[in-house]
Amino acid sequence: MRNTELINKIDTGDLAAGGILLPEQSKKFFKMTFEATPFSKLHRKEQRAAKTGEIDKIAIGGRLLRKKIEDTDDNYRAGVTHGKVEYSTVAVRLPWEITEETLRENIEGEAYEDLVMGMMTTQLGIDLEDLHWNGDSSLVADPFLSVNDGWLKKMSDGATHVVDCTADTKFNKSTFFKILSELPNKFRSDKLRWMMSPNRALNWVEYLTGRSTGAGDAALNGGGILGAAPLGIPICPIPSFGDSTIVLGDPQNFVAVWTYNIRIRKTTEGREAVMQDKRFYVVHLDDDPVIQELDACVLANNLTATTLTD
């Protein structure tokens, strides 16, 4: 079901009163908003009924095997560790309006409303990813970033694995070795991704093209950013990142929590709609970005070097 079809359901009465999406519709809508951003297709999404609560974590240790002794039970049992990550969603909204004159006279005709709806839901996904990464509630003067604390703020405040690159004068393979070495061995797997700005990723591709190797040729002949994999770890570009930041981690460690109560409202009635000859729309939802395991990711900041030689 497309986002525009979900909107149209409001008028046909297939949605709950007031345009509240049913749980399954809410899940589909939330996932569809992220189709425009590469990272948001990869990170974990959790739907909850309560606005605040906990997400369960389950883990086991290592070296659990023991020698078997025939006809003997030594009462050894491998243990399972249970933990919890707290979340507290924040209510956000995306409102817009369209005049009836615009609907009558635009070049798209009757399809204009659906076109705008599609653009708004795409932007909703882009904005949510931006807020998930860059939100900082201390920036009270910024009406967007101050909505909630994002993953970068939580990583910085947690200070588990933060690499300060202020003193680095070059951007090359040593940069990535430095960041990867900060990640505990137990979290290194083929699920890891480098998260960085498209411009910083392009710096790496440019660095490769300056080397007389097969990797340099591949970068020039179509590998590009999405084909780049420093130290064998693929790059996932984050458009909202500044060039001074790189994050290393498993995208599934980054969780977007939202509630069932996603509301999509549209009205052509009321005093303002009549007097201003307009249609009013708004999407309401509750959202919170959390990190399941702070120890499983690395934040590298203050990376200003642009010299690309070894």
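Val-255 is a buried residue, with a relative accessible area of 1%, where buried means under 20% relative accessible area, exposed means over 50%, and partly exposed lies in between (1.4 Å probe, protein chains only). Val-255 lies in strand E9, which covers residues 254–259; helices (H or I, at least four residues) and strands (E, at least two) are DSSP runs, numbered from the N terminus. The model is a predicted one, in which local features need pLDDT of at least 70 and side-chain atom pairs count only at pLDDT 80 or more, while totals for chains, interfaces and linings use all residues. Residues are numbered from 1 along each chain as its sequence is written, and side-chain values use heavy atoms, with hydrogens and water left out.

Which residues is Val-255 in contact with, leaving aside its neighbours within four places in sequence? They are Arg-44, Glu-46, Ile-55, Trp-151, Asp-288, Pro-289, Val-290 and Gln-292, where contact means heavy atoms within 4.5 Å. Arg-44 is 211 residues away from Val-255 along the chain, and yet the C-alpha atoms of the two are separated by 4.7 Å.

The protein chain as a whole can be described in the same terms. Its secondary structure comes to 9 helices and 12 strands, and of its 310 residues 40% count as buried. Among the contacts between residues at least 6 apart in sequence, 75% join residues at least 24 apart.

In soluble globular proteins, nonpolar side chains tend to be buried together. A nonpolar core is here a set of buried Ala, Val, Leu, Ile, Met, Phe, Trp, Tyr and Cys residues joined through side-chain atoms within 4.5 Å. The largest nonpolar core has 23 residues, and the members that touch the most others are Trp-194, Trp-204, Ile-246 and Leu-248. At least two residues of this core come from each of helix H6 (173–180), strand E6 (193–196), helix H7 (198–209), strand E8 (246–249) and strand E12 (297–301), with the largest share, 5 residues, coming from H7. A second, separate core of 18 residues includes Val-92, Met-117, Leu-128 and Ile-262.

Leaving aside neighbours within four places in sequence, Trp-194 is in contact with residues including Phe-176, Ile-179, Leu-180, Ile-235, Cys-236, Ile-246 and Leu-248. Of these, Ile-235 is found in strand E7 (residues 235–237) and counts as buried, at 4% relative accessibility. The C-alpha atoms of Ile-235 and Met-195 are separated by 6.1 Å, although these residues are 40 apart along the chain. In helix H7 the reader can find Leu-208, which counts as buried because its relative accessibility is 14%. The C-alpha atoms of Leu-208 and Ala-228, 20 residues apart along the chain, are separated by 9.2 Å.

Next come the cysteines. Cys-236 is buried, with a relative accessible area of 4%, and Cys-297 counts as buried at 1% relative accessibility. The structure holds 0 disulfides.

A pocket is found on a 1 Å grid over the protein atoms alone, as an open set of points where a 1.4 Å probe fits, with protein on both sides within 12 Å along at least five of seven lines, and its lining residues have an atom within 4 Å of a point. The second largest pocket holds about 180 Å³ of space, a volume being the space filled by probe spheres set on the points, which are joined across faces, edges and corners. Among the residues that line this pocket are Val-92, Arg-93, Asp-127, Leu-128, Phe-144 and Leu-285. Strand E4 (90–99) and helix H4 (112–134) each supply at least two lining residues, and H4 gives the most, with 4 residues. By class, the lining has 9 nonpolar, no polar and 2 charged residues, where Ala, Val, Leu, Ile, Met, Phe, Trp, Tyr, Cys and Pro count as nonpolar, Asp, Glu, Lys and Arg as charged, and the others, Gly among them, as polar.

Finally, the backbone deserves a look. Most residues other than glycine have a negative phi. Asn-75, in the loop between strand E2 (52–60) and strand E3 (80–88), has a positive phi near 70°, and Asn-75 counts as exposed because its relative accessibility is 62%. Asp-277, in the loop between helix H9 (271–276) and strand E11 (278–291), has a positive phi near 55°, and Asp-277 is partly exposed, with a relative accessible area of 35%.

Terms used
A disulfide is a pair of cysteine sulfur atoms within 2.5 Å.
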